[in-house]
Amino acid sequence: MQTARALDRFKVYLKFDKRLSKHTVDGYLGDLKQFVDLIQSEKVQSITSENVAEYTMFMKENALSIRSQQRKLSSLKAFFRFLEKGGIIEDNPMTLISPPGKVKSLPKTLNEEEVEKLLGAPDGNTVLGCRDKAMLEMLYATGLRVSELIGLHLSDIHLEAGYLLVVGKGNKQRAVPFGESAKTFLVKYLEKSRPLLLKSTNDGVFLNKFGRKMTRQAFWQTIKKYALVVGIDQKKVSPHVIRHCFATHLLNHGSDLRSIQMMLGHENLSTTEIYTAVSHERLKKIHASFHPLSKRA
């Protein structure tokens with residue numbers, strides 16, 4: 001069916017079957033006309049999810065608000081649902097399209113000096129301090145989720161190559177590199193501390209004093225304890241905040257988003273893009289502090 005004809009039929013449906021006001025009908029058709037003008041498809045059967053994705057990109061590039069994007073995609077959904085129910089199309093191009101989410105708040109992060117203080121808090125000469133030091137160093141070096149960190153098995157560690165094999169969300173495996181500093185403290189823990197914690201056969205990497213795997217709650221409390229020791233607000237610190245620090249500090253030092261996405265295990269790059277806003281906020285603060293014109297009253 002010709003796209004223009006399909007739009008006419010949809011207009012009749014909205015006006016007489018749904019009994020919507022003229023203002024509402026005009027709103028639907030205005031959204032659809034913008035979409036059709038962009039994709040230039042003469043037949044509705046030829047419209048694909050790629051066309052819709054192109055339209056969503058167009059809206060983002062033109063800085064439309066989340067609410068406007070949601071409204072326009074809602075118009076498309078109603079249109080294609082109408083065509084699908086009427087047997088005009090077989091494949092609904094909206095099936096694979098996710099609605100734009102709410103604007104995310106910026107993740108909390110610590111500055112690099114605060115992270116250094118936190119990493120230096122455990123006493124590496126004690127059994128538990130050695131373990132905690134290795135966990136904190138590895139968390140900051142890799143940006144792992146806390147569940148991924150405490151879920152590590154000995155077979156996941158590839159010391160010589162300098163990477164971990166991690167199973168993340170959706171049971172997807174990824175390789176995450178770590179540096180020499182994290183490697184040093186991990187080796188020390190594995191050689192000197194872990195054997196003293198081990199009570200029975202257990203291939204978990206990080207063990208508690210009972211020889212079992214560390215729990216999320218226990219590690220959460222451990223981080224809070226060290227934050228208190230070094231004078232960092234406990235509300236600012238959690239395993240996930242260290243993950244945010246990993247990403248933000250990499251970005252600040254010139255890493256590209258795609259690499260950070262792969263290391264964090266984000267399925268979509270858009271999830272990782274939130275860290276650019278954090279970096280931009282840092283740049284704005286630096287500008288406000290040091291640019292001579294910013295000091296003028």
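**View 1. Gln 40 counts as exposed because its relative accessibility is 63%.** Exposed means over 50% relative accessible area, buried under 20%, and partly exposed in between (1.4 Å probe, protein chains only). Gln 40 sits in the loop that links α2 and α3 (49–61). Helices are DSSP runs of H or I with at least four residues, and strands are runs of E with at least two, both numbered from the N terminus. Gln 40 is not a glycine, yet its phi is positive, about 55 degrees.

The model is predicted: local features need pLDDT of at least 70, side-chain atom pairs count only at pLDDT 80 or more, and totals for chains, interfaces and linings use all residues. Residues are numbered from 1 along each chain as its sequence is written, and side-chain values use heavy atoms, with hydrogens and water left out.

**View 2. Arg 19 lies in the loop between α1 (3–17) and α2 (22–39).** Arg 19 is a residue other than glycine with a positive phi, near 55 degrees. Its relative accessibility is 73%, so Arg 19 counts as exposed.

**View 3. Three strands form an open sheet in the order β1-β2-β3.** The pairing is antiparallel. β1 (157–158) and β3 (173–177) stand at the edges. Each has a single partner strand, so one side of each is left without a neighbour in the sheet. Two strands pair if DSSP finds at least two bridges between them.

**View 4. Strand β2 (residues 163–167) pairs with β3.** The two strands run in the antiparallel sense, over 5 bridges. Val 167 has Gln 173 in β3 as its bridge partner.
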